[in-house]
Amino acid sequence: MNSLLPLLPWLISMIVLMACSAFFSASEAALFFLRPRDRKAMADGTPAQRVAAGLMEDPDRLLSAVLFWNLVINITYFAISSVCTLQLERTEELGQTWAVGFAAVSVLAVIFFCEMLPKSIAVLQPRRLAEMVAIPLSWAVRVIDPVMPMLKAVNIVSRRLLIPRLQQEDYLHSTDLERAIRVSGKDEALIKQEQAVLHNIVRLSEIRADEWMRPRTQFDAYSPPVSLADLEGKLPRSGYMLITEPDSDEIEKAIRLDNLFSFPGEEIERLAEPVLYMPWCSTVADALEKMTQREREVCVIVNEFGDSIGILTIEDILETVFHYSPSRSMRLLDINPMHEIEPGRWAVSGMMSLRLLARQLDLEIPETHSITVAGMVQEQMQRLAEPGDLVEWGPLNLLVKESPQRGNILLELTLDLDREVEP
């Protein structure tokens with residue numbers, strides 16, 4: 001052990017450098033893992049949160065500073081490690097075996113304690129960790145501001161020397177993507193799933209917002225002030241707590257609950273974000289574009305009178321894209337929108353889209369202003385449906401089996417293909 005005493009100052013220096021490297025690695029992961037809405041909320045938060053949001057206003061400057069300090073620290077660390085390794089080789093009591101073991105442990109320690117572990121912790125609590133590291137990190141960034149122009153110049157020169165002819169690719173069309181999927185040589189089942197996703201993306205421009213929204217009967221809204229006690233221990237199916245305007249039933253803000261790690265007690269309203277408003281006749285693609293541009297996760301659908309008739313969340317849209325056969329009945333009510341009872345007879349959910357029904361049966365249906373089976377039935381009968389009602393519409397015979405006062409109606413469907421479809 002006496003032979004290790006001369007190495008003690010070097011070992012302490014290595015531990016300090018490892019802590020500094022872990023700090024910058026965790027800082028990088030935490031700040032760049034912040035979502036746009038997190039950065040927006042932090043811009044109006046505590047002084048440390050405002051500093052963190054300010055650092056992310058110039059991500060190139062921040063990343064260059066973090067990489068610079070990590071490079072300096074790691075070079076210094078491995079230089080000290082080399083010195084210790086050489087001293088261990090010259091020590092008769094320890095010899096080359098200890099030297100090789102020390103070098104291997106030094107490398108593994110940097111990989112685990114300075115890269116893997118701090119970054120894993122940072123992505124779990126990015127907002128809290130970003131607030132903790134913001135102020136010291138801002139000092140580190142300011143220190144290298146004088147050399148930042150030189151670093152940017154080196155980056156530009158290197159890029160032009162190594163890849164001088166790098167050009168932006170042309171815009172890809174859906175046919176190009178389909179061709180790429182076909183020639184990828186993947187498993188047939190995986191190819192079908194990818195083609196289904198691509199098809200669903202294209203369909204976003206065909207589906208109307210009121211066709212895919214959550215109706216008012218499928219979610220609850222709360223008047224301010226709100227608290228977690230209002231939820232009565234239940235997470236809303238949409239994943240959001242919807243808050244109305246103080247003097248009306250119109251939805252004004254939303255709080256996403258399904259990915260929050262901590263709550264601010266009675267001040268939960270400060271987590272709420274404004275919602276976006278879209279008309280009922282807009283497409284899901286239009287809603288997604290506006291939600292992306294304005295960094296909103298909830299879109300309120302309004303009718304021609306300006307009244308709220310439903311909501312559309314970002315998760316609803318993603319399900320439309322990634323589900324093999326998206327269905328609003330399955331998403332909202334967790335029931336199959338249509339299943340065959342026996343050959344030629346089906347059980348159908350009233351919330352099922354007429355577009356989906358026509359596609360499932362592969363037949364032409366008459367034109368209508370309604371978008372769901374239930375809406376069409378009520379349009380044809382000019383009243384609310386009751387059990388036992390029969391509606392003949394184009395080639396469809398629809399018998400109402402269940403019609404609750406509030407909720408989804410269930411129908412039995414048979415076909416009469418000899419009956420002509422009226423335009």
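A residue is called buried when its relative accessible area is under 20%, exposed when that area is over 50%, and partly exposed in between (1.4 Å probe, protein chains only).

**Figure 1. Overview of the predicted chain.** Of the 423 residues of the chain, 40% count as buried. This is a predicted model, in which local features need pLDDT of at least 70 and side-chain atom pairs count only at pLDDT 80 or more, while totals for chains, interfaces and linings use all residues. Residues are numbered from 1 along each chain as its sequence is written, and side-chain values use heavy atoms, with hydrogens and water left out. The chain contains 15 helices and 13 strands; helices (H or I, at least four residues) and strands (E, at least two) are DSSP runs, numbered from the N terminus. Accessible areas come from the Shrake-Rupley method with a 1.4 Å probe, and for residues only the protein chains shown count as cover. A contact means heavy atoms within 4.5 Å. Among the contacts in the chain with a separation of 6 or more, 56% are between residues 24 or more positions apart.

**Figure 2. Helices α4 and α6.** Two packed helices are described by the angle between their axes and the distance between the axes. The axes of helix α4 (residues 59-90) and helix α6 (residues 126-143) come within 9 Å and cross at roughly 85°. Here, axes are lines fitted to C-alpha atoms, for helices over the stretch in contact, and angles run from 0 to 180 degrees between N-to-C directions. Helices α4 and α6 are therefore roughly perpendicular to each other, a term for angles of 65 to 115 degrees, whereas angles under 35 degrees count as roughly parallel, those over 145 as roughly antiparallel and the rest as oblique. On the α4 side, Arg61, Leu62, Ala65, Val66 and Trp69 meet Leu137, Ala140, Val141, Arg142 and Val143 of α6.

**Figure 3. The surroundings of arginine 61.** Arginine 61 belongs to helix α4 and is partly exposed, with a relative accessible area of 22%. Leaving aside residues up to four places away in sequence, arginine 61 touches Val141, Arg142, Asp145 and Met148. Lysine 152 is 91 residues from arginine 61 along the chain, and the C-alpha atoms of the two are separated by 9.0 Å.

**Figure 4. A nonpolar surface patch.** Phe78, Val107, Leu108, Ile111, Phe112, Phe113, Met116, Leu117 and Ile121 make a nonpolar surface patch of about 810 Å². Patches are made of residues with over 30% relative accessible area and no salt bridge; like charges are joined within 9 Å, nonpolar side chains (Val, Leu, Ile, Met, Phe, Trp, Tyr) within 5 Å. Helix α5 (residues 95-124) gives the most to this patch, with 8 residues. Methionine 116 has its place in helix α5 and counts as partly exposed, at 48% relative accessibility.

**Figure 5. A salt bridge between arginine 256 and glutamate 297.** A salt bridge is a side-chain nitrogen of Lys or Arg within 4 Å of a carboxyl oxygen of Asp or Glu. The structure holds 11 salt bridges. In the one between arginine 256 and glutamate 297, the closest N and O atoms are 3.2 Å apart. This pair links distant parts of the chain, 41 residues apart: arginine 256 is in strand β4 (residues 251-256), and glutamate 297 is in the loop between α11 (284-293) and β7 (298-302). Both arginine 256 and glutamate 297 are buried.

Figure 6. Lysine 401 and glutamate 412 form a salt bridge whose closest N and O atoms are 4.0 Å apart. Lysine 401 lies in strand β12 (residues 396-402) and glutamate 412 in strand β13 (residues 410-415), so the pair ties together parts that are 11 residues apart in sequence. Lysine 401 is partly exposed at 46% relative accessibility, whereas glutamate 412 is buried, with a relative accessible area of 16%. Salt bridges that share partners join Glu342, Arg345, Lys401 and Glu412 into one network.

Figure 7. The peptide bond from proline 224 to proline 225 is cis, with omega near 0°; proline 225 is in the loop between β2 (221-222) and β3 (240-244). Aspartate 362, although not a glycine, has a positive phi of about 55°. This aspartate 362 is in the loop between α14 (354-361) and α15 (373-381). Glutamine 382 is not a glycine either, and its phi is positive, at about 60°. The loop between α15 and β11 (390-393) holds glutamine 382.
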